[in-house]
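Let's take a walk through this one together, stopping at the aromatic rings, the backbone and a few side chains along the way. Have the viewer open and follow along.

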Amino acid sequence: MIDTEPSQGPARPPGAQVRKKRKRSAPIAAVLAMVVTLVAGQVVPAGAADDVVTGQEDYRPGYHFSPAENWMNDPNGLVYVVGTYHLYFQHNPSGNGWGNMSWGHATSPDLVTWTEQPLAIGQTMNEDGVSVEDIFSGSVVVDHNNTSGFGTSAKPPLVALYTSAYTQAHPTLAGKQAQSLAYSTDGGYTWTKYAQNPVLDRDSQNFRDPKVFWYDGGTPQTSYWVMIAVEATDHQAVLYRSDDLRSWDYLSTFGPANSVGGIWECPDLFELPIDGNPDNTRWVLVMNLNPGAIGGGSGGQYFVGDFDGVTFTSESIVASSEPPQGQVVGAFDGSWDGWTVRNEPGNELSGPFGITPPTGQVEGQSVVTGFDGTGLVNSFVGGDWPVGSVESPPFVIDREYLGFLVGGGKHPHVPGGQLGNEPPSGALLWQGFEVAEASTLADLGWTGTGDLAATRSPSTSGGDYVIGGKRLNTWEGGPKGDDNVGTLTSPAFEIDADHLSMLVGGGQRSDADSQVLQVQLLVEGEVVRHLTGPAAGALNWRSWDVSDLRGKQAQLRIVDEATGGWGHLTLDHVVLGNQAATPRSDETTVNLVVDGEVVRTATGNDSEHLDWTSWDVADLVGREATLRVVDNNRLSWGHILADRFTLTDEPVTPTAEQYGWLDWGRDYYATVSFDNVPDGRRYMVGWMNNWNYAGAVPTTPWRSAMALPREVALTDTEDGIVLTQRPVDQLDTLNGEAITVPPGAITEATHPLDVQGDMLRLDVVIDPGTAVRSGLVVRASDGFTVAGGAGAGGGRDSEGTVVGYDARSKRVFVDRTRSGAVDFHDDFASVSSMPVSRDEDGTVHMQLYVDRASVEVFTSRGTRTITDQIFPDRSSLGVSLFAEGGEAELRSMTVTPIRQSVHLVNPVDLDIKAQAQCISGRVAISVTARNTTAEPLEVRLATPFGSRTAVVAPQKLVHQSFATRKAAVTAGAATVVGTLQREPGAGTGPAPRTWTVPYEALDCVT
């Protein structure tokens, strides 16, 4: 049984051995003698040093694709061509933030080993070198019949349809988005833009993301190309048809439907058999959206239905849930009914809530949907600027749940925060920068370097929530805006109080970023404290505890080495005092207040659609409470929607949970499928990031990775026809030797196991038993405990990602709130969850894929998935089991190491050639591979006409001529696999590397 004591520190000494365990009563730590650590694709002793080398930077994925450097977002143009998978992607070739949008390119023979290629399709520049056309998302098709005329029937072209986002520098199409075309005649490596672009223009600023496929209507007359694209802000998919990929005719429109939060983007449409039956099929329409996804922010939904070549008809559109039965505390149908309204004094429209409850959308607002009855709480009266609150009369909680409808902006309550912007008491340094009109920072003793001359500051613009009229702003403080680079340094001052507080806004760069963007505290010339901005225009209070520096002389320095988007900082009102500043809570929230304290809170999801949510208030039954709806945000999505507060006996199921979601996590967006995959398989790839914080994730010199390629299918369930997903089979080629964890009871504690690693597959079956929560922890530091919280168990720096099952809510969850680096953005630390039914035997099955910066969870036979990024310390490698509130049972568990396959440290390398040759009137396929590495390789040569395997010494070659017995062959490809030969006991080594080498068609008769 699994009955170790709760973890209080390092669970085991390094250097132990994994062995099968017999029934025992002693803790695991007392029985095990060795720990096996699976890191970077090799088995190494626990505690061995990790050298940071190319391909093993902090947070660099080992088997997920990421570009070598610079920004990446949406996957584009996914296509399979003659043995090679092509992944194009939105890319900034010049920086690590969004911008200069172009198509990057990577190729793979197997979807798991990737080679980055040169830039595929770049921006269009005018004669002054200014972009007039950015290259947004799109798709690529193989034009087998050369309908476009860009190739030949023997050598069909690839055709890319993409969105031209015309910049303000374009002479005729400035600000528009239209669909354009490019073609390739060399297999997708180089591209030519069509001279007559754009090929489809709707005179729209939000028409984008074309996905194109060949529709087979059964006859030549009823078969044609179909494009599905979006009118993003209208929540509509628009469909067109073409015979030649150049001219397009309108077919139909689908939407709005189901989730309409944020905007719709990156659609897809394809047909799949149900449970593998080719005579019973449905069409799947995929629609990504941002924000408004089930996990918060970016995500993807899907619809199941029929497509007749003209119109998509969904059978999976969900009606709003019925209001629950119970005691209604607030309904807002015509009056406030005793609620206290506190609108902003002096607002001419009585904003933000109005004199009476609004009856839907108000002036300047998009359509509001999902509310009940004739009115609702809507704080958009007067726009996002006014702030205020409404509060219910006191009521007694007499049911176990409180359900209500909520929508609007996603700005959570900050515990302990203030609703104002009051500074702390203390000494105001440098007059709060409120110098006389003709004075500058130089007059206060500040000095500047680079673009940031002290004589150009302070500024009178830039940033919100400043105090007074002036502030330091490195955008305004130089001639280049966000591209200003330099420093501003204060004169020396004595630290004679415990806290240094200031208002800070502007851009954000993590400590790992090569571009430094910081406010720094210097003592004797050394940086002793530092912080960066919030990636937001709103300034908020930040404080340092400087009690240990009392009596020291110090300076404040602003360092701005950042260029591009958000490449600036704003600073105001620096106070030295004995109390820290209270951060402002820029919330848009619904709060349950008991004895003056907020005991439950909820916020919107950046959507004008209201949906049900519930609080479990069983512990508060019999207590008197009020409901307080707060709008304390003046900026984007700075409003809250709420309606129909009801005390109930059961939780209310959100309508959104009945929609079809591609993923329930935070980091799976812009998901689209490959064209032209053999055997009719449907493979999909998503961007593993979220627009809420994508520009702030702490990686350098690259930003973003792709999720694992997944094969999707349809299955018929009691809930209808749903999509299933599983990682592609090719991923199994990276598996090392699996380790089996013996079954047994999981007592109420956190139990470190005897395996560790940063790249793992875990297959787990748990019976929750009497436990309220049970599951496992991955990427855990020594001493991490699930129940510990910050500062408990392994201490404040203890970290781990918790994946488990909550028996009360019947949900599988991923908790990354203590997963490592989480403070780089306010929206990152989060818990993702999804409803999951137990199997008939009461168990829960989970399959986890863990990489250096991600966790992907598959459960419910692939109908439920969660994809979340994590950023743990490279030393946090532990795996644990846990139970809370009772005892669970581990039925089975295997831990499989996964070898690195992308950005290999010492990749296997071969110099390969393949060609078709005529020998005695018959075609032979000649394949040669030279071993260019320093170690022996096992090399397998394979063609459709035979294969050969040989061990090849360094700098030697293997050659084989494969007879076809044919006078002519069409174009094809040879497959070559190289595997490093290792001595026994030398470890598993890097993953095999696979090449696909095309050869051209040959006719030995003509």
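Start with a group of rings: Phe332, Trp336, Trp339, Phe404, Trp615 and Phe645 come together as one aromatic cluster. Keep in mind that you're looking at a predicted model.

A pair of aromatic rings is described by how far apart the centres are and by the angle of the planes. Take Trp98 and Phe136: their ring centres sit 6.2 Å apart with the planes at 70°, so this pair counts as edge-to-face. Trp98 is in the loop between strand S4 (84-92) and strand S5 (102-108), while Phe136 belongs to strand S8 (residues 131-142), so the pair ties together parts that are 38 residues apart in sequence.

Now move on to Phe433 and Trp446, another edge-to-face pair, with 6.0 Å from centre to centre and 75° between the planes. Both residues lie in the loop between strand S27 (427-428) and strand S28 (447-450), so here the pair ties together parts that are 13 residues apart in sequence. Are these two buried or exposed? Phe433 is buried, with a relative accessible area of 0%, and Trp446 is buried too, at 2%.

Thr489 itself has a relative accessible area of 13%, so it's buried.

Arg241 lies over the face of Tyr224, 3.8 Å from the ring centre.

Time to look at the backbone. Most peptide bonds are trans, and most residues other than glycine have a negative phi. With that in mind, check the bond from Gly255 to Pro256: this peptide bond is cis, with omega near 5°. Pro256 falls in the loop between strand S16 (249-254) and strand S17 (263-274). Further along, Thr700 and Pro701 are also joined by a cis peptide bond, with omega about 10°. Where is Pro701? Look in the loop between strand S45 (683-688) and strand S46 (702-703).

Asp275 has a positive phi, near 50°, though the residue is not a glycine. Asp275 lies in the loop between S17 and strand S18 (277-290). Glu524 has a positive phi as well, about 55°, and again this is not a glycine. The loop that holds Glu524 runs between strand S33 (517-523) and strand S34 (526-531). Is Glu524 buried or exposed? Anything over 50% relative accessible area counts as exposed, and Glu524 comes in at 70%, so exposed it is.

Key. Residues numbered from 1 in each chain as written. Predicted model: local features only at pLDDT ≥ 70, side-chain atom pairs only at ≥ 80, totals over all residues. Heavy atoms only, no water. Buried < 20%, exposed > 50% of the residue type's maximum accessible area, 1.4 Å probe, protein only. Helix = DSSP H or I, 4+ residues; strand = E, 2+ residues; numbered from the N terminus. Phe/Tyr/Trp six-rings, centres within 6.5 Å; stacked < 30°, edge-to-face > 60°. Lys NZ or Arg CZ within 6 Å of the ring centre and 35° of its normal.
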